[in-house]
Every structure is written in C-alpha cells, then in structure tokens.
Amino acid sequence: MTDDVAAARAAAEEKSAFSHPPVEPDATAAYGDDPDHVIDFWTPRGGSGPAPVVAVLHGGAWRAPYDRRHVSPFAAFLAHRGFAVASVEYRRGATRADGGAPVAGRWPDTFDDVAAAVDALPALIREHLPAGDPRRIVLTGHSAGGHLALWAAARHVLPADSPWRTDAPAPLRGVVALAPIADFEVADKLGVCGGAARELLGGDDHFAERRPHADPALLLPTGIATTLVQGRADIDVPHAVAESYADAAAKAGEVVGVTLLPDVGHFPLIDPAADACAVVAEEIAQLAW
C-alpha cells in the first residue's frame, strides 16, 4: 500500500469515528476541584445484577482539543453490550498563544488527575453507578489514553520516590489498551503524534529523567492481566510500539496479550460502526466477566 493510499484510508477511518454525535451520560460526578476532574457514567443496558465496570481513558495525544466527548459513542456502545461504563476526564496540554499545535499534556497534572480518578473510582461507582460492580473494573484507553491505562495499572512498580506510587496493585480485573503509546522510547523514535511523548514529559530537558515515572515499558511486570489491541495498518501509533511493550513485558517475565487486527488503522478501535469495536468489547469481556 502506498503512503498516499494509507493516509487516505486513515483519514476516512478518523472521519467515521468522529462522525457520531456525542452521547450524553446517565450521570456525571467530580473527583476533584478542577473543571476537568469529572467522570461520566453509563448504566448497562439489559442484564440483571451488578455489571463489570469499564473505565475509559480517552486519547488525543494528551492535547486539549480532544476530550472525553469524542469517546462517548464508544462508551455508549459498551453500555449496550452490558457493561457499566465510567469515562474519565483529565487535564491535557493547553492551546498555544501563537496558534501552534496544542501542548501534549501537563506535567505533573495529567498524571495527578489519572491517579486521583482511579483512586476515587470505586466509591464513585457505589454512589453514582449502582448497576456497576466496583470489584470488577477493567481499565481501557485509546492511544494516549491507552498509555494512561497501562500507567495507572503500574503505579505499584513506580520508583520509590514517585508521588504516584501505591503500596499494592490497583484492584483491577485487567487492562485492555487500544493502540497505546506504550513504549516512549520507540514512540519518540517514530515521531508518534508529532513527538507528543517527549513533550508530555517536558521536552528534551526532562525526557530521560521523567521516563521512569511515566513510561509503561519501564514499569513491568505489573501482575495485572493486560491485553493490547492494535491495528496492523495504524499509521498514527504503529504496531511496533505495542509490540515493543509486549517484548519488554516478556523480558520481565510477564505475558501480555497482543491482538493485531489486519487492515485496521488507529480509529476503528473506538468507532461503533467498525467491526474492530466489537473485537474490543470481546477482549474486555474476557477479562471482566
């Protein structure tokens, strides 16, 4: 496939994923004081008894223009599959005054927020999502959100001086990371999302020193069941990034599942109109039920 054909297909997939109107949640709750410190909840459709909870972390290269609303159709799709769903917002990088590309993330705010949201989630589920079972939580995230999902599940193996380190693993059923920016070294070499991983960590001056606190490929093994779902035709976050993370896990003595979907790019994984989205739901179900 030529570069032009691949780019045209990627653009069509992105257009399809963003063509769905946002879906309003059944409830929204705050986990902090900032306007971005909120979690949207969807009640499972059908079924009886408390359902597993899928906690969704949206992507968008940790940049401000992309918020949780663009994954609300994906969240609603999962709710119609019988899951309770919690979609987490967090602070992203600000728009530049000069009109340039928005900054990728905020250090340390983006990480502060994800840690706080995951810690608050079980109590918020009990209060705002009574049809969800806080004992059965699966973290999922797309692209930059896939990175955050992997990172949130690895806080117990962060360096001892990390402000986000926990004493024990998070009580999760597992993680399903979708085209995640899972290895910052490989992503940086490939220029993923315009060098977003390096920018997230503060640029050249801080990239090396902060990687041990932020790069999932350095935070292994986690002891938490983890699956990566990746399109082979993804030109936004090439599958080499996911495969490098899986290789790092194997070297650390941990088996990470990798599901590679042929002829699938970056966005079908969160597009309810795409067959790949159903595959994602099935991967989540294998860990959740």
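At what angle do helix H3 (residues 109-128) and helix H4 (residues 144-152) pack, and how far apart are their axes? The model is predicted, with local features needing pLDDT of at least 70 and side-chain atom pairs pLDDT 80 or more, while totals for chains, interfaces and linings use all residues. Residues are numbered from 1 along each chain as its sequence is written, and side-chain values use heavy atoms, without hydrogens and water.

**View 1. Packing of H3 and H4.** The angle between the two helices is about 60°, and their axes lie 10 Å apart. Axes are lines fitted to C-alpha atoms, for helices over the stretch in contact, and angles run from 0 to 180 degrees between N-to-C directions. Helices (H or I, at least four residues) and strands (E, at least two) are DSSP runs numbered from the N terminus. H3 and H4 are therefore oblique to each other (under 35 degrees is roughly parallel, over 145 roughly antiparallel, 65 to 115 roughly perpendicular, the rest oblique). The crossing of H3 past H4 is right-handed, meaning that the near helix is turned clockwise from the far one by less than a right angle.

**View 2. Residues in the contact of H3 with H4.** On H3, Thr-110, Phe-111, Val-114, Ala-115 and Val-118 meet His-147, Leu-148, Trp-151 and Ala-152 of H4 (contact: heavy atoms within 4.5 Å). Seven of these residues are nonpolar, two are polar and none is charged (Ala, Val, Leu, Ile, Met, Phe, Trp, Tyr, Cys and Pro are nonpolar; Asp, Glu, Lys and Arg charged; the others, Gly among them, polar).

**View 3. The largest cavity.** About 30 Å³ of space lies in this cavity (on a 1 Å grid over the protein atoms alone, points where a 1.4 Å probe fits but cannot get out; a pocket is an open set with protein on both sides within 12 Å along at least five of seven lines; lining residues have an atom within 4 Å of a point). Grid points are joined across faces, edges and corners, and a volume is the space filled by probe spheres set on the points. Among the lining residues of the cavity are Val-56, Leu-57, Gly-141 and His-142. Strands E3 (51-57) and E5 (132-142) each supply at least two residues of this lining.

**View 4. The second largest pocket.** This pocket holds about 150 Å³ of space. Of its 17 lining residues, Val-118, Asp-119, Ala-170, Pro-171 and Leu-172 are the closest to its centre. H3 gives the most to the lining, with four residues.
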